[in-house]
Structure formats: structure tokens, C-alpha cells
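Please consult the sequence and the structure shown here while reading.

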Amino acid sequence: MSMQHASTQAPADVAARTAMVVDEHGALEGPLLPILHGIQEEFGYVPVEALPVIADKLNLSRAEVHGVATFYHDYRKHPAGRHVLKLCQAEACQSMGSDQVAAMVKSALGVGFHETAADGSVTLEPVYCLGLCACAPAAMLDGAVIGRIDADVVDEIVAGVRS
């Protein structure tokens, strides 16, 4: 997969790449979610230009496709930064101080949830359970889980994404 952002691509290229992803997953039962995952893997997010192509190929309305793409928080509307940091905000992590961790991370990076740093280094996202409740508060950086986050770990994470 190429991971070139749709905003730098011609609309015809976005349509062609979207059609390719739909063709890969279209034979699956309930193919819309796998297709949206494939689109996000292809572009780094789900470009709005891809939605009518998906709707046409699956014989769905654009509203149905838009509704699914916007319902799930994992589908990004904009390109992510070079790193993606997800902070768990589920009950177990909240009881162990995830709100304080989130405040430290937001302050250190200068971004809020669903935002990307101005230098493009990192996108911060909330997540609602990483399955690390015994190691709360937890996070995921570029797919790698991190448990028992405290101020020292926040400093390491911030230094790592800024380097």
C-alpha cells in the first residue's frame, strides 16, 4: 500500500485507488468496514472523495457510507501525523489517572484529542480500551502498547515522537 495522502492526488487517482480497495474487499460478507479500513490504510485517512466511489460500487447510498465512516472514531477525516498516540480513556484507565496523563500529554505536545501537532510529528487520539486494564493507565504509540504511564513515561513518549 502506498499511503500517499489523497489531498496531493488528483480526484481520478483517488477514485482509482478507492476502486482497487473496494475490489479487494467487495466479495466479503459485510464489506463496508473492511473497505473503510483498507481506504484508511491506503491514504492514511478516509478521504471524502472516496465515499461516493464506495457507495456506487456497493450499491449503497452516500449517506449510508458517510454514516458508517463518521460513526467510528478510528476512521480519520484528515491525514495523521508521522506518529499516532492513542491514550486509553476507559473506566479502568480513568480510575488509575488517565485524565492526568492526558492533560500532561496534551500540554507537552500542544494538541488536543483528534488533533495533529503543527509540525506533523504526532496525532493524539482517545481510545476506549486497549485491553491493558491491569497496567492502567495505558496508551498505544504506532501500534505498540505502553502500560503504567506516569510523568516519566510521558516525557519519553514526547521525546520519542519529537525526534
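## Overall architecture

Of the 163 residues of the protein, 42% count as buried, where buried means under 20% relative accessible area, exposed over 50%, and partly exposed in between (1.4 Å probe, protein chains only). The model is predicted, so local features need pLDDT of at least 70 and side-chain atom pairs count only at pLDDT 80 or more, while totals for chains, interfaces and linings use all residues. Residues are numbered from 1 along each chain as its sequence is written, and side-chain values use heavy atoms, with hydrogens and water left out.

The protein contains seven helices and five strands; these are DSSP runs numbered from the N terminus, helices being H or I with at least four residues and strands E with at least two. Read from the N terminus, the order of the elements is α-α-α-α-β-α-α-β-β-β-β-α. The C-alpha trace spans about 50 × 30 × 25 Å along its principal axes. The domain assignment gives domain 1 (11-71) and domain 2 (83-162), the bounds coming from an automatic or database domain assignment. The C-alpha centres of domain 1 and domain 2 lie 29 Å apart.

Contact means heavy atoms within 4.5 Å. Among contacts between residues at least 6 apart in sequence, 60% join residues at least 24 apart. The accessible surface comes to about 8,700 Å², and 56% of this belongs to carbon and sulfur atoms. Accessible areas come from the Shrake-Rupley method with a 1.4 Å probe; for residues, only the protein chains shown count as cover.

## Helix packing and a surface patch

In helix H3 (residues 50-58), the buried residues are Ala50, Leu51, Val53, Ile54, Ala55 and Leu58. The buried residues of H3 pack against H1, H2 and H4. After H3 comes Asn59, whose phi is positive, near 60 degrees.

Phe71 lies in helix H4 (residues 62-71) and is exposed, with a relative accessible area of 60%. Together with Leu33 and Tyr72, Phe71 forms a nonpolar patch on the surface, the three residues having about 310 Å² of accessible area. Patches are made of residues with over 30% relative accessible area and no salt bridge; like charges are joined within 9 Å, and nonpolar side chains (Val, Leu, Ile, Met, Phe, Trp, Tyr) within 5 Å.

Strand S3 (residues 122-127) is largely enclosed by the rest of the structure, because six of its six residues are buried. Both faces are covered: Val122, Leu124 and Pro126 are buried on one side, and Thr123, Glu125 and Val127 on the other.

Two strands pair if DSSP finds at least two bridges between them. S3 pairs with strand S1 (residues 83-88) in the parallel sense over six bridges, and with strand S2 (residues 115-116) in the antiparallel sense over two bridges. Thr123 of S3 is the bridge partner of Val84 and also of Thr116. The hairpin of S2 and S3 has five residues between the strands, and Gly120 takes a positive phi near 75 degrees there.

## Salt bridges

Side chains of opposite charge can pair when their charged atoms come close. A salt bridge is a side-chain nitrogen of Lys or Arg within 4 Å of a carboxyl oxygen of Asp or Glu. A search of the whole structure finds seven salt bridges. One of them joins the side chains of Arg17 and Glu42 (2.8 Å, N to O). Arg17 lies in helix H1 (residues 11-25) and Glu42 in helix H2 (residues 32-43), so this pair ties together parts that are 25 residues apart in sequence. Arg17 is buried, with a relative accessible area of 8%, and Glu42 is buried at 3%. The side chains of Lys57 and Asp23 also meet in a salt bridge (3.2 Å, N to O). This pair links Lys57 in H3 to Asp23 in H1, 34 residues apart. Lys57 is partly exposed, with a relative accessible area of 44%, whereas Asp23 is exposed at 53%.

Arg76 forms a salt bridge with Glu125, the closest N and O atoms being 2.8 Å apart. Arg76 lies in the loop between H4 and S1 and Glu125 in strand S3, so the pair ties together parts that are 49 residues apart in sequence. Both Arg76 and Glu125 are buried. Salt bridges that share partners join Asp74, Arg76, Lys86 and Glu125 into one network.
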